[in-house]
Amino acid sequence: MFEKVKKLLVEELGVNPDDVTMDAELSADLNINSLELADLVITCEEEFNIVIDDEELHNFVTVGDVVKYLEASHN
């Protein structure tokens, strides 16, 4: 799942692949703003055929947070 999320971050948001780690913070380390986060959520919803509750966005601080949420939702 990490590799899928990394690929989305790199291809959709132009993030440097070397910067994407499980501990990388979306805003502080990867410079992802709220609009880009919304785009990422929409892309993840389409890619994994899930719906991500808007309340969950506040929990997405690191790449690992996104990966863990998707792993839990995708099962």
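Student: Where does Thr 43 lie?

Tutor: Thr 43 lies in helix 2. Helices here are DSSP runs of H or I with at least four residues, numbered from the N terminus. This is a predicted model, so local features need pLDDT of at least 70 and side-chain atom pairs count only at pLDDT 80 or more, while totals for chains, interfaces and linings use all residues. Residues are numbered from 1 along each chain as its sequence is written, and side-chain values use heavy atoms, with hydrogens and water left out.

Student: Is Thr 43 buried or exposed?

Tutor: Thr 43 counts as buried, at 15% relative accessibility. Buried means under 20% relative accessible area, exposed means over 50%, and partly exposed is in between, with a 1.4 Å probe and protein chains only.

Student: What is Thr 43 in contact with, leaving aside neighbours within four places in sequence?

Tutor: Leu 8 and Glu 12. Contact means heavy atoms within 4.5 Å.

Student: Glu 12, then. Which patch is Glu 12 in?

Tutor: A patch of negative charge on the surface, where Glu 12 gathers with Glu 11, Asp 39, Glu 46 and Glu 47. Helix 1 and helix 2 are the elements that give two or more residues to the negative patch. Residues in a patch have over 30% relative accessible area and no salt bridge, and like charges are joined within 9 Å. A salt bridge is a side-chain nitrogen of Lys or Arg within 4 Å of a carboxyl oxygen of Asp or Glu.

Student: Which helix gives the most to the negative patch?

Tutor: Helix 2, with three residues. Glu 46 lies in helix 2 and is exposed, at 61% relative accessibility.

Student: Changing topic. Where is Pro 17?

Tutor: In the loop between helix 1 and helix 2. Pro 17 is partly exposed, with a relative accessible area of 37%. Not counting residues up to four places away in sequence, Pro 17 touches Lys 6 and Val 10. The C-alpha atoms of Pro 17 and Glu 3 are separated by 10 Å, and these residues are 14 apart along the chain.

Student: And Asn 31, what is its phi?

Tutor: Near 55°, a positive value in a residue other than glycine. Most residues other than glycine have a negative phi. Asn 31 sits in the loop between helix 1 (2-13) and helix 2 (34-48), and is exposed at 61% relative accessible area.

Student: What about the phi of Asn 49?

Tutor: Positive, at about 55°, although Asn 49 is not a glycine. Asn 49 is in the loop between helix 2 and helix 3 (63-74). With a relative accessible area of 72%, Asn 49 is exposed.

Conventions:
Patch = residues over 30% accessible without salt bridge, like charges linked within 9 Å, V, L, I, M, F, W, Y side chains within 5 Å. Areas by Shrake-Rupley, 256 points an atom, 1.4 Å probe, with all protein chains shown as cover. Lys, Arg positive; Asp, Glu negative; His and termini not counted. Charge placed at Lys NZ, Arg CZ, Asp CG, Glu CD.
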